[in-house]
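The following paragraphs lead through one protein, from its overall layout to individual residues. Please keep the sequence and the three-dimensional view at hand while reading.

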Amino acid sequence: MAIKRSSKATLSQTVSIKQMVKRCSNLRKMKNQEDDLPQDVPKGHFPVYVGQNRSRYIVPISWLDHSEFQTLLRLAEEEFGFNHVMGITLPCDEVFFRSLISMFR
């Protein structure tokens with residue numbers, strides 16, 4: 001799956017994405033039953049699920065600065081929504097995701 005490089009996201013789109021990620025990274029604080037939530041997600045990170053097998057990756061919030069990742073999150077919102085308790089499902093295969101994140105490091 002290729003992601004078309006888009007122009008810079010508007011301020012409202014960026015704010016919306018950052019709010020969504022903040023909700024995901026603060027889930028432990030919002031839930032009464034901490035045992036139901038993963039304990040391996042450090043502050044400043046959030047889980048994403050990628051590919052057919054839903055492989056789990058813990059990604060830093062700083063990746064939100066990358067327009068390619070923002071585009072992927074917008075596609076995820078359109079396809080799956082953001083009402084997930086444990087993380088965000090991204091609509092791409094694992095090979096593509098690994099290729100994308102290799103550019104961020």
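Helices (H or I, at least four residues) and strands (E, at least two) are DSSP runs, numbered from the N terminus. By this convention the protein has four helices and three strands, and their order along the sequence is α-α-β-β-α-β-α. The model is predicted: local features need pLDDT of at least 70, side-chain atom pairs count only at pLDDT 80 or more, and totals for chains, interfaces and linings use all residues. Residues are numbered from 1 along each chain as its sequence is written, and side-chain values use heavy atoms, with hydrogens and water left out.

Some totals describe the chain as a whole. Of its 105 residues, 42% count as buried; buried means under 20% relative accessible area, exposed over 50%, and partly exposed in between (1.4 Å probe, protein chains only). The protein exposes about 6,800 Å², of which carbon and sulfur atoms supply 49%; accessible areas come from the Shrake-Rupley method with a 1.4 Å probe, and for residues only the protein chains shown count as cover. A contact means heavy atoms within 4.5 Å. Among the contacts with a separation of 6 or more, 57% are between residues 24 or more positions apart.

Strands of a sheet pair through backbone hydrogen bonds, either parallel or antiparallel. Two strands are taken to pair if DSSP finds at least two bridges between them. Here three strands form an open sheet in the order β2-β1-β3, with mixed pairing. Its edge strands are β2 and β3, each of which pairs on one side only. Neighbouring strands of this sheet are turned by 40° against each other on average, direction ignored; axes are lines fitted to C-alpha atoms, for helices over the stretch in contact, and angles run from 0 to 180 degrees between N-to-C directions.

Strand β1 (residues 45-50) and β2 run antiparallel and are joined by six bridges. Within this pairing, P47 has I58 of β2 as its bridge partner, and Y49 stands opposite R56 in β2. The two strands form a hairpin with four residues between them, and G51 in the turn has a positive phi of about 85°. R54 is found in the loop between β1 and β2. Although R54 is not a glycine, its phi is positive as well, at about 55°. With a relative accessible area of 40%, R54 is partly exposed.

Helix α3 lies across β1, β2 and β3 and runs at about 105° to β3, while α4 lies across β1, β2 and β3 and runs at about 15° to β2. In α4 (residues 94-102), F96, F97, L100 and I101 are buried. These residues cover an arc of only 125° around the axis, which puts them on the same side of α4; the arc is that of the directions from the helix axis to the C-beta atoms. Their cover includes β1, β2, α3 (67-80) and β3 (88-90).

D93 caps the N-terminal end of α4, with a side-chain oxygen 3.3 Å from the backbone nitrogen of V95. S55, in strand β2 (residues 55-60), makes a side-chain polar contact with the side chain of E94 (2.8 Å).

Terms used:
A polar contact is a pair of N or O atoms within 3.5 Å; within protein, one must be able to donate a hydrogen and the other to accept it, and residues adjacent in sequence count only if both atoms are side-chain atoms.
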